[in-house]
Amino acid sequence: MNETHTVQSPEDWNNPAWEKLWLYNLHYFDDLGCRGAEGKRALHQGLIRRWIRENPPGAGNGWEPYPISLRVVNWIKWGLAGDGLEDDVVHSLSVQARYLFRRLEFHLLGNHLLANAKALVFAGLFFQGKEADAWLAKGAKILKKQIPEQVLEDGGHSELSPMYHAIVLEDLLDLVNVTRAYVRGHDLAELCGKHIPGMVAWLDAMCHPDGQIAFFNDAALGIAAAPGELKDYAGRLGFLFGGGAEQAGAPIPEPGGAQPSESGVTHLPETGYVRVQAGHVLLLADVGRIGPDYLPGHAHADTLSFELSVAGRRILVNSGISCYGASAERLAQRGTAAHNTVCVDKKNSSEVWGGFRVARRAYPKDLRIDELPDGRVQIQCCHDGYVRQGGGPLHCRKWILGHDRLEITDTLSNPGHHMAVYYHLYPGAEVDLEKQVIALEDLRINFSTDAHCTLTDTLYHPEFGRSIPNKCLILTPPGQTSFMTFYFN
């Protein structure tokens with residue numbers, strides 16, 4: 001979380017002066033699964049004992065359903081990977097599973113409910129008896145309903161966040177692993193296994209050449225396992241050809257997964273993303289809904305935003321996230337102006353509010369993906385997020401990508417509105433407005449536009465608790481249409 005505190009007293013497990021998300025992570029015990037964990041066994045054992053001693057049942061953040069779910073799985077995995085668990089730890093696990101069983105997060109659904117059900121399956125396999133059988137049955141029942149609902153036909157997770165997709169993918173891999181270890185739950189393993197290749201392919205399609213995820217909706221690095229690690233895990237479980245050692249960002253030769261066309265287009269229709277590879281240029285575009293209508297908590301007002309890599313390096317980036325909660329900073333990071341898209345009348349395309357809420361939201365329409373006669377790819381899409389403004393303008397965007405350039409045209413259907421087009425640059429990129437050049441290390445990209453162009457200082461948030469200065473080009477066209485072309489030498 002890029003934030004350090006010292007837990008000196010029992011009260012510090014729930015210190016109100018510290019961020020809620022930091023405290024949640026304190027109770028997850030993810031470090032039990034770190035590299036080199038076998039050399040930290042005494043430390044981890046002491047921390048587990050301390051947690052049991054200082055966190056009585058039902059008290060504090062650690063007894064909320066989501067932290068319980070992650071901790072139960074981490075403790076059991078730690079025990080299975082080492083010398084077993086001591087009696088007091090086993091007893092605590094049984095109390096935690098029993099407590100969780102009656103407090104499942106049906107009100108939240110999504111990845112939270114999957115995590116709850118996964119923990120019940122782990123506990124149900126780890127323990128024996130009628131109560132354990134009930135935990136296993138309940139967890140399996142939830143998963144059998146939720147996995148087909150949450151994992152969409154194109155392989156993506158329904159919350160449309162590459163970060164949460166990676167988290168859910170690891171959940172499914174763990175479930176296959178644990179059911180094989182206990183030689184029980186073959187039907188559940190078969191269900192998970194049915195979706196894993198497509199999920200790996202989807203994640204691969206949503207990665208930049210650096211092997212890391214793009215930032216759409218709530219997404220940051222350092223929370224989920226890296227895509228390459230997840231692919232290796234899937235390979236060890238036998239799901240991918242070549243043992244899963246392929247580099248992240250490369251196509252996966254599995255039937256049913258996201259596959260690029262001959263023109264380099266990978267369309268993920270259910271999740272609403274398009275990947276276009278043109279030589280050394282990669283475009284990732286958001287032409288979908290912000291998320292399921294019943295679960296927009298991790299959604300951003302980023303409709304028709306995109307990210308761009310050139311020669312293996314990120315150039316245009318959405319701003320990412322550094323915090324949760326209901327702060328003004330959280331709202332700004334979810335807002336339209338933090339993404340590579342169009343802001344109309346200084347409003348958000350979807351009305352994000354609170355920490356995890358959305359009121360009126362943008363819906364995409366009229367998507368077209370065409371290969372032009374000269375081999376370039378054209379993507380066109382509109383959204384209705386600004387129809388609530390006076391006059392009801394639609395925002396329509398057209399990308400035309402080739403090996404040597406990217407042309408972007410933004411249009412509002414009705415006049416009389418202020419239009420601002422944002423292009424956020426990767427940290428370290430410098431801009432010469434007079435010469436219309438973007439420079440990043442030895443890379444030079446020229447650009448041209450008919451709009452008034454300004455350069456402003458902004459922030460890029462690649463991880464929680466981390467904000468890096470970067471630059472943003474803002475176009476303000478004189479009319480209803482904005483043109484921008486990036487040239488790649």
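## Strands, helices and cores in a predicted model

I445 has F488 in strand 19 as its bridge partner. The model described here is predicted.

Strand 16, residues 443-449, and strand 19, residues 481-488, run antiparallel and are joined over 5 bridges. Both strands sit in an open sheet of 8 strands, whose order is 9-10-11-12-19-16-15-14 and whose pairing is antiparallel. At the edges of this sheet are strand 9 (364-371) and strand 14 (430-432), each of which pairs on one side only. From one strand to the next, the twist averages 15°.

Another open sheet has 5 strands in the order 1-2-3-4-5, again with antiparallel pairing. Its edge strands are strand 1 (265-268) and strand 5 (313-316), and each pairs on one side only. On average, neighbouring strands of this sheet are turned by 15° against each other, with direction ignored. Within it, strand 2 (residues 273-278) and strand 3 (residues 281-286) run antiparallel and are joined by 6 bridges. R275 stands opposite L284 in strand 3.

| Strand pair | Residues | Sense | Bridges |
|---|---|---|---|
| Strand 16 and strand 19 | 443-449 and 481-488 | antiparallel | 5 bridges |
| Strand 2 and strand 3 | 273-278 and 281-286 | antiparallel | 6 bridges |

Strands of a sheet pair through backbone hydrogen bonds, in either a parallel or an antiparallel sense.

The helices come next. The axes of helix 7 and helix 9 (residues 227-236) come within 11 Å and cross at roughly 20°. Angles under 35 degrees count as roughly parallel, and helix 7 and helix 9 are therefore roughly parallel to each other. The crossing in which helix 7 passes helix 9 is left-handed. On the helix 7 side, the residues that meet helix 9 are A166, L169, E170, L173, D174 and N177; on the helix 9 side they are L230, Y233 and A234.

L173 also has a place in the largest nonpolar core, which has 76 residues; M163, L173 and I196 are those with the most contacts inside it. Helix 7 (residues 162-182) gives the largest share of this core, 11 residues. Leaving aside residues up to four places away in sequence, L173 touches I196, L230, Y233, A234, L237 and F239. A second, separate core has 48 residues, among them V310, W399, A451 and C472. In soluble globular proteins, nonpolar side chains tend to be buried together.

Conventions. Residues are numbered from 1 along each chain as its sequence is written. This is a predicted model: local features need pLDDT of at least 70, side-chain atom pairs count only at pLDDT 80 or more; totals for chains, interfaces and linings use all residues. Side-chain values use heavy atoms; hydrogens and water are left out. A nonpolar core is a set of buried Ala, Val, Leu, Ile, Met, Phe, Trp, Tyr and Cys residues joined through side-chain atoms within 4.5 Å. Buried means under 20% relative accessible area, exposed over 50%, partly exposed in between (1.4 Å probe, protein chains only). Helices (H or I, at least four residues) and strands (E, at least two) are DSSP runs, numbered from the N terminus. Contact means heavy atoms within 4.5 Å. Two strands pair if DSSP finds at least two bridges between them. Axes are lines fitted to C-alpha atoms, for helices over the stretch in contact, and angles run from 0 to 180 degrees between N-to-C directions. Angles under 35 degrees count as roughly parallel, over 145 as roughly antiparallel, 65 to 115 as roughly perpendicular and the rest as oblique. A crossing is left-handed if the near helix is turned anticlockwise from the far one by less than a right angle, and right-handed if clockwise.
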